[in-house]
Amino acid sequence: MAKNRKRRDRAAASPVNRSMLYAFAGTLLAAALGSTTLHAADSYPSRPVQMIIPFAAGGPTDIVGRVMGAKMSGLLGQQFIVENKTGAGGNIGAEAVAKAAPDGYTLLVGGIFNMVMNRALLKDLPYEPLRDFVPLGYISAYPFVLVARADLPGSSLQELVQYAKERPGKLTYGSAGLGTLQHVWGTILFKSLGLDMVHVPFKGAPAAHQEMLAGRLDVMLDNLSAAKHHVQAGRLKALAVSSAGRSPQLDGVPTLNETGLVSFEGESWFALFAPAGTPGPVLATLRSALAGINRDAEFAGRVERDGGRVLVIPPERHIAFLREEIERWSSLVTRYNVTVD
């Protein structure tokens with residue numbers, strides 16, 4: 001028996017058997033790790049998710065992001081915590097998400113401003129929208145409205161065009177600052193109408209509104225959600241809206257295309273983005289939640305009260321839509337020589 005025990009001990013200690021034991025142990029470990037990885041993907045999110053909003057609290061992006069974050073928290077059972085990371089026209093927050101770990105725990109509330117306009121205007125953009133991000137879902141879209149001070153002669157775009165052409169270089173149009181949609185779209189619109197007007201940038205849209213209310217600024221192409229209260233109160237005149245169809249909030253106001261003077265259509269849209277490389281199961285979970293928000297009647301009512309609409313784009317069209325927007329607005333920025341200098 002002692003001899004048999006010695007033989008078994010030598011066999012267990014032989015290099016061949018040790019290799020077999022190591023291989024077997026490695027197989028067990030790999031199986032365990034694989035099971036853990038699958039479980040982690042299946043249980044996403046297992047901790048709070050950070051949602052970066054690249055603009056200050058209280059603005060349109062912040063409002064949309066916070067409403068969306070609250071809805072996501074309810075649907076997925078984890079907190080979606082909003083962080084306002086501001087600066088450089090939204091680039092600082094967007095860059096932070098582009099460089100974050102692609103695990104689904106750092107997301108960007110973005111939109112046409114930092115994914116399209118910054119791409120069209122800036123040569124040294126610190127991220128590439130089509131390379132560094134994955135669209136998770138488009139949320140809402142808002143038309144712009146061309147408003148004029150209450151005492152400006154005329155009540156239509158036709159009359160504005162005639163009045164401005166008789167006074168080249170005299171009329172002013174405001175914006176919330178260089179590179180904003182009010183600036184870029186306003187410049188494209190007025191140049192396409194053949195008008196010679198002076199751009200006056202302000203630090204935010206409310207400051208421009210105050211100048212219009214005081215009669216010191218002539219016109220402004222602004223987000224309908226921000227300007228509609230002044231229009232409805234009769235403090236400003238609405239001449240046209242930028243969307244494909246009329247806005248229910250201002251149903252008596254024609255679209256720019258309906259005027260027959262110009263071909264112009266655009267909406268300010270919002271979306272949620274993840275860093276490129278985020279795992280497929282995580283993307284699927286987030287997209288499913290966003291689809292639930294798009295079907296939520298309370299969310300839709302909130303968007304519509306602000307003058308917008310829920311924007312539903314199928315996942316297979318997410319990238320194509322973003323690419324089309326970049327190409328369209330980049331072409332117009334180049335054609336009409338819009339710069340932020």
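What is the handedness of the crossing of helix 8 and helix 13? I looked this up first in the predicted model, and the crossing is left-handed.

**Entry 1: the helix pair**

I noted the geometry before the residues. Two packed helices are described by the angle between their axes and the distance between the axes. For helix 8, residues 181–192, and helix 13, residues 318–335, the axes come within 10 Å and cross at roughly 60°. I then listed who makes the contact. Helix 8 contributes Val184, Trp185 and Ile188, and helix 13 contributes Trp329, Leu332 and Val333. Sorted by class, this contact has 6 nonpolar residues, with no polar and no charged ones.

**Entry 2: Glu267**

Glu267 is placed in strand 9, which covers residues 267–275. Is Glu267 buried or exposed? I found a relative accessibility of 18%, and buried means under 20%, so Glu267 counts as buried. Its side chain makes a polar contact with the side chain of Arg309 at 2.8 Å.

**Entry 3: Ser242**

Next I checked Ser242, which also touches Trp185. Ser242 sits in the loop between strand 8, residues 236–241, and strand 9.

What does the side chain of Ser242 reach at 2.7 Å? I found the backbone oxygen of Gly266 there. A polar atom of the Ser242 side chain also lies 2.8 Å from the backbone nitrogen of Phe144. Both partners turn up again in the list of residues that Ser242 touches, sequence neighbours up to four places away not counted. That list includes Pro143, Leu256, Phe264 and Glu265 as well.

**Entry 4: the whole protein**

I recorded 13 helices and 10 strands in the protein. Of its 341 residues, 48% are buried. The protein exposes about 16200 Å², and carbon and sulfur atoms supply 55% of that area. For contacts with a separation of 6 or more, I noted that 76% come from residues 24 or more positions apart.

Definitions and conventions:
Residues numbered from 1 in each chain as written. Predicted model: local features only at pLDDT ≥ 70, side-chain atom pairs only at ≥ 80, totals over all residues. Heavy atoms only, no water. Axes fitted to C-alpha atoms, helices over the stretch in contact; angles between N-to-C directions. Helix = DSSP H or I, 4+ residues; strand = E, 2+ residues; numbered from the N terminus. Left-handed = near helix turned anticlockwise from the far one by under 90°. Contact = heavy atoms within 4.5 Å. Nonpolar A, V, L, I, M, F, W, Y, C, P; charged D, E, K, R; others polar. Buried < 20%, exposed > 50% of the residue type's maximum accessible area, 1.4 Å probe, protein only. Areas by Shrake-Rupley, 256 points an atom, 1.4 Å probe, with all protein chains shown as cover. Polar contact = N/O pair within 3.5 Å; in protein donor to acceptor, adjacent residues only side chain to side chain.
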